[in-house]
Amino acid sequence: MKNIRLYVSIFKDSAEETNKNPIVPVSAGAALYGKNDKKAALCDNTGENISVENPQYCELTVQYWAWKNSDADYIGLC
């Protein structure tokens, strides 16, 4: 079976647990928040990222993060 992930850009708190289904919330613009203000277990400010550019690129910072850091066979963005 292929490894599929649908990354969801979020800006508000999420109770969704990662690794339980293919829908994975990612906190967008996390580099701009304080350390305790992350909105999801995954944040777009880890690995190779452009999180600080979130005011200019919005949810595309999550798309860039997924492109550079995901090990999934197929990825999507919502």
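1. Tryptophan 67 counts as exposed because its relative accessibility is 56%; the classes are buried under 20% relative accessible area, exposed over 50% and partly exposed in between, with a 1.4 Å probe and protein chains only. Lysine 68 lies over the face of tryptophan 67, 3.9 Å from the ring centre (NZ of Lys or CZ of Arg within 6 Å of the ring centre and within 35 degrees of the ring normal).

2. The model is predicted: local features need pLDDT of at least 70 and side-chain atom pairs pLDDT 80 or more, whereas totals for chains, interfaces and linings use all residues. Residues are numbered from 1 along each chain as its sequence is written, and side-chain values use heavy atoms, without hydrogens and water.

3. Two aromatic pairs are found in the whole structure (ring centres of Phe, Tyr and Trp, the last by its six-membered ring, within 6.5 Å; planes under 30 degrees apart are stacked, over 60 edge-to-face, the rest tilted). Tyrosine 7 and tryptophan 65 have ring centres 5.6 Å apart and planes at 85 degrees, so they are edge-to-face. Because tyrosine 7 lies in strand β1 (residues 4-10) and tryptophan 65 in helix α2 (residues 60-69), this pair ties together parts 58 residues apart in sequence; helices (H or I, at least four residues) and strands (E, at least two) are DSSP runs numbered from the N terminus. Tyrosine 7 is buried at 5% relative accessibility, and tryptophan 65 is buried at 6%.

4. Tyrosine 64 and tryptophan 67 are also edge-to-face, with ring centres 5.5 Å apart and planes at 80 degrees. Both lie in helix α2, three residues apart, about one turn of the helix. Tyrosine 64 is partly exposed at 22%.
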